[in-house]
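Subject: Structure handover

Hello,

Here is the structure I said I would pass on.

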Amino acid sequence: MKTYKCDIVVVGAGPGGSMAAKFCAKGGLSTILIEKKAEIGAPLRCAEGVSKKWLEEVGIEPDPAWICADMVGAVIRSPSGYEFKLDESHAGSEVGYVLERHLFDKALARDAAEAGAKIMMRTSCTDIIRENGKIVGIKAKSMGEEIEIRAKAIVAADGYESQVGRWAGIDTTLEMNNIDSCLQYRMVNADIDPEYCEFNIGTSIAPGGYLWIFPKGNGVANVGIGVMAKLCKDAEPKKYLDKFIAEDPRFKNSQPVEVVAGMVSTCPGLDCAVGDNVILVGDAARIIDPITGGGICHACRTGMYAGLVLTECAKKGDFSKKALMPYEKMWRDRMEDKLYRNWMAKERLAELDDKTIDELVKLISGSDIKEVNVYNLLKVVKERFPKVVEGFEDLI
Amino acid sequence: MKVDVDKCLHCGGCVGSCPVNAIFLNDFVLEFSSKCTKCGRCVKICPVHALSMEGRR
């Protein structure tokens with residue numbers, strides 16, 4: 001069997017994996033980044049909406065090559081059609097760009113390669129290798145050939161599937177209230193506002209989740225839905241999404257050109273995202289905004305943190321769980337409060353009936369929010385509907 | 001478990017949701033290992049209803 005040797009093996013070349021590989025390679029570590037699929041960034045499993053602020057934080061320069069559309073605002077719509085619209089002057093951190101993920105992901109992989117990481121395509125991790133109980137690498141299938149990749153530490157960036165962590169003994173299992181089952185069509189010839197991301201909420205629209213319309217220019221849009229898994233039994237995402245599109249006049253002459261499915265975790269992140277010789281990043285670590293389902297910025301941040309911490313660990317040759325704990329501290333310091341707050345908000349939102357959501361949207365549309373983000377919306381809710389935020393009001 | 005290959009979109013959602021890590025997505029093919037307890041979770045949450053219990057519909 002062919003055996004490769006390196007300092008760090010990164011499983012999965014999504015944003016989290018590429019960022020981790022880039023920062024490991026930059027730190028002078030020999031790094032192998034493996035990708036199961038035949039193409040990085042495709043097939044799509046994403047609504048492609050991101051905010052703008054975090055890009056600088058992780059050292060990514062916005063590039064027109066992967067920016068598909070620039071948003072000027074957002075619309076939140078209730079079941080009865082009440083709208084909360086924020087114009088350009090009020091546009092904030094929950095809207096920003098709609099990306100071309102297949103190009104964005106490849107750009108990050110290019111950065112990893114430029115830093116010195118070796119990329120192996122069509123290479124899927126099938127298990128981890130332990131010797132005397134210690135993780136010493138992974139088993140993989142590369143272009144159909146069984147191989148081993150020996151490494152000092154593994155970065156699990158295998159996305160929602162999150163199998164590497166589980167093989168390594170970290171429980172990444174989710175409760176059914178912390179999973180959203182999603183379906184999305186790329187619609188063309190749609191009569192939609194090209195500069196606004198739209199979020200439709202309500203039990204009759206998307207039980208326990210929301211339905212999004214993210215424009216990509218030229219009458220093209222990602223139109224998708226997330227439904228809380230606990231409330232699914234018989235292809236609910238497809239039923240609700242098809243119904244919405246059939247009934248909305250904006251899609252009267254519109255057709256789908258792509259259909260994608262996927263799932264997203266809506267918990268506040270793993271209890272611990274490191275183990276001896278293993279770090280979990282991004283979706284694999286369940287580090288995703290539980291209310292928006294947005295995870296690209298979280299993946300990029302955690303990937304970067306993982307690379308920085310592994311670089312430090314290499315100096316002492318210690319990749320034990322204890323040595324990797326600074327990673328745990330970094331992501332928690334940066335994101336934990338917000339993840340927990342948004343998780344609580346998601347749990348409460350899922351309990352509200354359509355009538356209450358109508359009231360809520362009416363109420364926030366009458367408020368003077370300067371910047372649309374979950375935090376500002378929750379502040380208004382706290383003032384007017386304190387019951388909704390009971391138990392986590394301290395975080396608002 | 002039965003996979004309706006005409007419906008499955010290979011999203012891997014069932015893989016990440018499986019409580020016993022018994023599913024593997026190999027390109028376009030879902031593989032169930034003997035660890036599967038037939039709990040039915042994947043059947044319930046598949047966005048396009050591509051999974052069913054063997055012998056049941």
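This is a predicted model: local features need pLDDT of at least 70, side-chain atom pairs count only at pLDDT 80 or more; totals for chains, interfaces and linings use all residues.

Residues are numbered from 1 along each chain as its sequence is written, while chains are lettered from A and ligands numbered from 1 in the order in which they are written.

Start with helix H8 of chain A, residues 354–365. (Helices are DSSP runs of H or I with at least four residues, strands are runs of E with at least two, and both are numbered from the N terminus.) H8(A) has 12 residues and spans 16 Å from first C-alpha to last. That is close to the expected 16 Å at 1.5 Å a residue, where the expected span is 1.5 Å times one less than the number of residues.

Ile357(A), Leu360(A), Val361(A) and Ile364(A) are buried in H8(A). (Buried: 20 or more other C-beta atoms within 10 Å of the residue's own; exposed: 12 or fewer; partly exposed: in between; C-beta atoms are placed from the backbone.) Seen down the axis of H8(A), these residues fall within an arc of 95 degrees, so they line one face of the helix. The arc is taken over directions from the helix axis to the C-beta atoms. The buried residues pack against strands S6 (73–77) and S7 (83–86) and helix H9 (374–384) of chain A.

H8(A) and H9(A) pack at about 110 degrees, with axes 10 Å apart. (Axes are lines fitted to C-alpha atoms, for helices over the stretch in contact; angles run from 0 to 180 degrees between N-to-C directions.) The two helices H8(A) and H9(A) are therefore roughly perpendicular, a label for 65 to 115 degrees; under 35 is roughly parallel, over 145 roughly antiparallel, the rest oblique.

Next, Ala69(A) sits in strand S5 (67–70) of chain A. Ala69(A) counts as buried because it has 20 C-beta neighbours inside 10 Å. Beyond four places in sequence, its contacts include Tyr97(A), Pro194(A) and Pro215(A). (Contact: C-beta atoms, placed from the backbone, within 7 Å.) Ala69(A) and Pro215(A) are 146 residues apart along the chain, yet their C-alpha atoms are separated by 7.2 Å.

Last, the chains. Their contact takes 24 residues from chain A and 16 from chain B. On the chain B side, H1(B) gives the largest share, 4 residues.

Best wishes

How values were computed
Two residues are in contact if their C-beta atoms, placed from the backbone, lie within 7 Å.
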